[in-house]
Amino acid sequence: MSALAEATLIQAGLQAGLFTDEDLARLRPLARARRVSLMEALAMERALPQAAFYLALAEVRGLPCVQFSRWTADAPLLARLPATLLKRHPMAVLRDPEGVAHLAIANPDDSMGVETARRVLGNLPLAIADPDDLTTLLLRLRGQEASAQTAEEDPVRLFERIAREALLRRASDIHIEAIPDGARVRLRVDGALETLGAPLPRALGDALISRVKVLSGMDIAEARAPQDGALVYTPAGGTPIEMRAASAPVKFGERLTLRVMKSDPGRETLDALGMPPALVARLRQALARPHGIVLVTGPTGSGKSTTLYCALRELDAERLNILTAEDPIEQVMPGISQTQVGAKVGFAGALRAFLRHDPDVILVGEIRDLETADVALKAATTGHMVLSTLHTNSAPGAITRLADIGCERFMLGATLNGILAQRLVRLLCPNCKRERAATAEERRLLGVAAETSATLCEAQGCPRCLGSGYRGRIGLYESLWMDETLAAAVAAGAGETAIAGTARDYRRLADDARAKTLAGLISLRDARAFLA
């Protein structure tokens, strides 16, 4: 048989440390109750995509594991293998990044298939490949035409697999993109895009996009205009996950992007974001005040909305009247009135309306213009707490940005409680990160005394992190808190440099980057951008 036994993969995962014997004993009855395989139960419980099991098998067997985004198919050698052999024993001839040809196979124990292929091709070294990706590659390379029934079912199964992979890999977005000879699928994991498997044949890629458009309530006949939609994906034995879809015409056909909403955002707290404890305590003090403005700044994708949602969870929604104006509403929060702004009602209009509803706390998704900023400042001066975001690179830059769009400086000094600036960086995988001594130059960069030793951690890669060396992200935070001296400087027209020099309670991004690097949470390579 060409299929690899599930027990072999589970044993490999156990040897590679993906889970323990205790996990197996605990999940066996749960798998039977849910009527799923033990491997599926492990995958959902430990957030392990199928690729993790095959990487573990490759590690245990001492074989390379195919990365389809970096390995290339050798079509002439593959063409020498009979179609009947490939049907019974799926395999391909792939060259690694160094150009060495390998016989890629999902089941290294398939001795009959391996021996037959080696009689034709010679004694090629083996490489382990994910069976689903291998099947997709063969379908594209061999030009196999599916029957009407298979063509109808393939997009359904393919979307289920992609959605499941996105969930298990903690992806925030799924990209399905038309390319000259087919389509490719990429996932944004920990802020970086990574290709999922081999490119899809043209027909299968088009069918996949049509499938998602149907599920999202889009018009499948319209491919020349952008569309928006939404769908709900429910994994086996899991909770429903909302996905927002957007399509757009591109040169080679159509592209589609799915935003994966968090499955359990309620578990996020200020303490879990990676903020320094002193910053968390200071932010809670600011949130406890009855009025004023707290701003969170940073570029798109830096986690500003997540920080604000965590701040709202710190408040007592039963005792306080909390209103939000958002575009879009990313998380539904119990006990809070949330408004979706759009063409009819903008941020400023929603903010004005809120003031007639006896609010205690108002969240404005983003301050984009003077009108919104002016209403927010006036709300803060009339006894309301206002939370919002702003697109600036630093905390002091938020003050000069508001002044540039026309806000009165004396109002800024009187209403601002504090400003946070933040970025997201990748967390080193705790399972495989490698320690080393810092060099003299690195100690200088990190502010460590010359006579003091320091240890740094670097990414290595293991089955748990799918070979990337990273797992998850953490925030880097800058904070600026107002006091009477700083408020006077702001009112007097101080610039960014003067504001930073005047502030008594100012912690820079570089300070947090140094601390998290020395703590072994992030790599110096990722921290360098913030240390200059």
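How many residues of the lining of the largest cavity are nonpolar, polar and charged? The lining divides into 6 nonpolar, 2 polar and 2 charged residues (Ala, Val, Leu, Ile, Met, Phe, Trp, Tyr, Cys and Pro count as nonpolar, Asp, Glu, Lys and Arg as charged, the others, Gly among them, as polar). The model is predicted: local features need pLDDT of at least 70, side-chain atom pairs count only at pLDDT 80 or more, and totals for chains, interfaces and linings use all residues. Residues are numbered from 1 along each chain as its sequence is written, and side-chain values use heavy atoms, without hydrogens and water.

**View 1. Lining of the largest cavity**. A cavity is a set of points on a 1 Å grid over the protein atoms alone where a 1.4 Å probe fits but cannot get out; lining residues have an atom within 4 Å of a point. The largest cavity holds about 70 Å³, and among its lining residues are Asp133, Arg161 and Gly197. Helix H9 (148–168) contributes the largest share, 3 residues (helices are DSSP runs of H or I, at least four residues, and strands of E, at least two).

**View 2. Helix H3 and the residue after it**. Leu38, Met39, Ala41, Leu42 and Ala43 of H3 (residues 38–46) are buried (under 20% relative accessible area, 1.4 Å probe, protein chains only). Just after H3, Ala47 has a positive phi of about 55°.

**View 3. The open sheet of 8 strands**. Its order is S13-S12-S14-S15-S11-S16-S19-S20, with mixed pairing (two strands pair if DSSP finds at least two bridges between them). Strands S13 (337–340) and S20 (506–507) stand at the edges, each with a single partner strand, so one side of each lacks a neighbour in the sheet.

How values were computed. 1 Å grid on protein atoms, 1.4 Å probe; cavity = no way out; pocket = protein on both sides within 12 Å on 5 of 7 lines; lining within 4 Å. Points joined across faces, edges and corners; volume = space filled by probe spheres on them. Buried < 20%, exposed > 50% of the residue type's maximum accessible area, 1.4 Å probe, protein only.
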